Amino acid sequence: QQWIAASQSPKPGFTCADLDGSQHMTGYFHGLGLGAQLVSLKFGLLHAMLHGQVYHFPTSHYVNPLRCAARTFDCYFEPPSPCRADSHRRLRKPPIKCSRPTSS
């Protein structure tokens, strides 16, 4: 948890605007089932941490809108960062890489 907190918060003397943010591409993420979305959150956080970016939870149609108007997993899990997605100099969308079987 210390590694996550250290990598997802601005260093002393810096602000969230000095960091790049990272968030899933919505169309891809919304096409996943709930279990796959949860696994994807884990890989999204790991990708952001390994690339020096701050991760933000995407919206999800599985989040109850009556309990969470924002429709993000922030309502169920502690946000990985104190930064807001709109506070970064740039918000990146990690590429989705699919491998296809090759025919021989």
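Tutor: Let's start with contact, which means heavy atoms within 4.5 Å. This is a predicted model, where local features need pLDDT of at least 70, side-chain atom pairs count only at pLDDT 80 or more, and totals for chains, interfaces and linings use all residues. Residues are numbered from 1 along each chain as its sequence is written, and side-chain values use heavy atoms, with hydrogens and water left out.

Student: Happy with that. Which residues does Gln53 touch, not counting residues up to four places away in sequence?

Tutor: With those neighbours set aside, Gln53 touches Ser7, Gln8, Asp20, Gly21, Ser22, His47, Ala48 and Arg92. Gln53 itself sits in strand 2 (helices, H or I of at least four residues, and strands, E of at least two, are DSSP runs numbered from the N terminus).

Student: And why is Gln53 called buried?

Tutor: Gln53 has a relative accessible area of 9%. Buried means under 20%, exposed over 50%, and partly exposed in between (1.4 Å probe, protein chains only).

Student: What makes Val39 partly exposed, then?

Tutor: Val39, a helix 3 residue, has 41% relative accessibility, so Val39 lands between the two limits and counts as partly exposed. For the protein as a whole, buried residues make up 33% of the 104 residues.

Student: What pattern does the protein follow along the sequence?

Tutor: There are 3 helices and 3 strands, arranged α-β-α-α-β-β when read along the sequence. Look too at contacts between residues at least 6 apart in sequence: 67% of them join residues at least 24 apart.

Student: How many aromatic pairs does the whole structure hold?

Tutor: A search finds 3. Rings of Phe, Tyr and Trp (its six-membered ring) pair if their centres lie within 6.5 Å; planes under 30 degrees apart are stacked, over 60 edge-to-face, and the rest tilted.

Student: What makes a pair of the Tyr55 and Phe57 rings, and of which kind?

Tutor: Their centres are 6.0 Å apart, inside the limit, and their planes stand at 90 degrees, so the pair is edge-to-face. Both partners are buried: Tyr55 because its relative accessibility is 1%, and Phe57 because its value is 11%.

Student: Which residues make up the largest nonpolar core?

Tutor: A nonpolar core is a set of buried Ala, Val, Leu, Ile, Met, Phe, Trp, Tyr and Cys residues joined through side-chain atoms within 4.5 Å. The largest has 11 residues: Phe29, Leu32, Leu41, Leu45, Ala48, Met49, Tyr55, Phe57, Val63, Cys68 and Phe73. Helix 3 gives the largest share of this core, 4 residues.

Student: What is Val63 in contact with, leaving aside neighbours within four places in sequence?

Tutor: Val63 meets Cys68, Arg71, Thr72, Phe73 and Tyr76. Among these, Cys68 and Phe73 are core members along with Val63.
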